[in-house]
Amino acid sequence: MQIQLGNRTAETVSIYFQKANKPEIRAVLPQKAQTEKEALADYQKTLLPASTSYGKIILADGNYIGDIWCYCMNMHAEPNAMLSFCIFEPACWAKGIATKAVSLFLKEMREKYAPATIGAFTFAENTGSIRVLEKNGFVVREEFSEDGRASKYLQYTY
């Protein structure tokens with residue numbers, strides 16, 4: 001299976017919003033935008049020169065199956081950015097796709113922004129995401145409870 005990253009568009013943002021609002025995804029990945037309109041407005045902000053987020057779509061054999069992005073980007077803070085990713089097609093889960101997409105994205109982030117560190121939060125029970133992050137060199141730095149849910153903070157150092 002060929003895994004590639006592609007450019008986000010207003011159309012992919014709308015698709016992502018609809019697909020990522022499925023209960024099985026919302027259970028492990030809270031969504032900031034509560035409406036499609038909000039999601040599109042957030043996307044428009046990423047196009048501005050001073051944007052603090054950067055994202056790509058994930059393609060498997062040319063099919064759009066998810067998104068990956070960094071947010072809270074600040075090269076003068078630690079971490080320099082926070083990573084999030086979502087494969088919204090359940091048929092594509094547990095196939096190594098997210099692991100490859102994160103690897104490609106980390107390389108692109110290094111070339112484009114040269115961060116020293118990237119962090120990631122996930123719920124402790126989201127073992128799939130934790131494995132993806134650890135396979136890409138992220139290390140658990142902190143375990144904590146947030147709103148009654150066990151969570152983990154992982155960090156990657158270039």
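Which residues does aspartate 61 touch, not counting residues up to four places away in sequence? I started my notes here, keeping in mind that this is a predicted model. I found that aspartate 61 touches Met1 and Gln2 once residues up to four places away in sequence are left out. I placed aspartate 61 in the loop that runs between strand 2 (54-60) and strand 3 (63-71), and I noted it as partly exposed, since its relative accessible area is 48%. I also looked up its C-alpha distance to glutamine 4, which is 8.0 Å although the two are 57 residues apart in sequence.

**Arginine 8**

I next turned to arginine 8, which sits in the loop between strand 1 (3-6) and helix 1. Setting aside its neighbours within four places in sequence, I listed its contacts as Val13, Tyr43, Thr46, Gly55, Lys56, Ile57 and Asp67. I then checked tyrosine 64, 56 residues away along the chain, and found 10 Å between its C-alpha atom and that of arginine 8.

**Helix 1 and helix 3**

How do the axes of helix 1 and helix 3 cross, and within what distance do they come? I read that the axes of helix 1 (residues 10-20) and helix 3 (residues 36-46) come within 9 Å and cross at roughly 140 degrees. On the helix 1 side I noted Ala10, Val13, Ser14, Phe17 and Gln18 as making the contact, and on the helix 3 side Glu36, Ala39, Leu40 and Tyr43. Sorted by class, this contact of helix 1 with helix 3 has six nonpolar, two polar and one charged residues. I marked Val13 and Tyr43 in particular, as both take part in the helix contact and both are also among the contacts of arginine 8.

**Helix 5 and what follows**

Which residues of helix 5 are buried? In helix 5 (residues 127-135) I found Ser129, Ile130, Val132 and Leu133 to be buried. They lie on the same side of helix 5, because the arc they cover around the axis is only 160 degrees. I traced the packing of these buried residues to strand 4 (81-87), helix 4 (97-113), strand 5 (117-123) and strand 7 (149-157).

I then moved on to asparagine 136, which I found in the loop between helix 5 and strand 6 (139-146). Asparagine 136 is buried, at a relative accessible area of 12%, and, leaving aside its neighbours within four places in sequence, I noted contacts with Thr99, Val102, Ser103, Leu106 and Tyr156. I also noted glycine 137, which follows helix 5 and has a positive phi, near 95 degrees.

**Backbone entries**

I kept a separate entry for backbone geometry, since most residues other than glycine have a negative phi, and most peptide bonds are trans. In the loop between strand 3 and strand 4 I looked up cysteine 72, whose phi is positive, near 55 degrees. Proline 79 also lies in the loop between strand 3 and strand 4, and I recorded the peptide bond from glutamate 78 to proline 79 as cis, with omega near 0 degrees.

My last entry is aspartate 147, in the loop between strand 6 and strand 7, where I found a positive phi of about 55 degrees in a residue that is not a glycine.

Definitions and conventions: Residues are numbered from 1 along each chain as its sequence is written. This is a predicted model: local features need pLDDT of at least 70, side-chain atom pairs count only at pLDDT 80 or more; totals for chains, interfaces and linings use all residues. Side-chain values use heavy atoms; hydrogens and water are left out. Buried means under 20% relative accessible area, exposed over 50%, partly exposed in between (1.4 Å probe, protein chains only). Helices (H or I, at least four residues) and strands (E, at least two) are DSSP runs, numbered from the N terminus. The arc is that of the directions from the helix axis to the C-beta atoms. Contact means heavy atoms within 4.5 Å. Axes are lines fitted to C-alpha atoms, for helices over the stretch in contact, and angles run from 0 to 180 degrees between N-to-C directions. Ala, Val, Leu, Ile, Met, Phe, Trp, Tyr, Cys and Pro count as nonpolar, Asp, Glu, Lys and Arg as charged, and the others, Gly among them, as polar.
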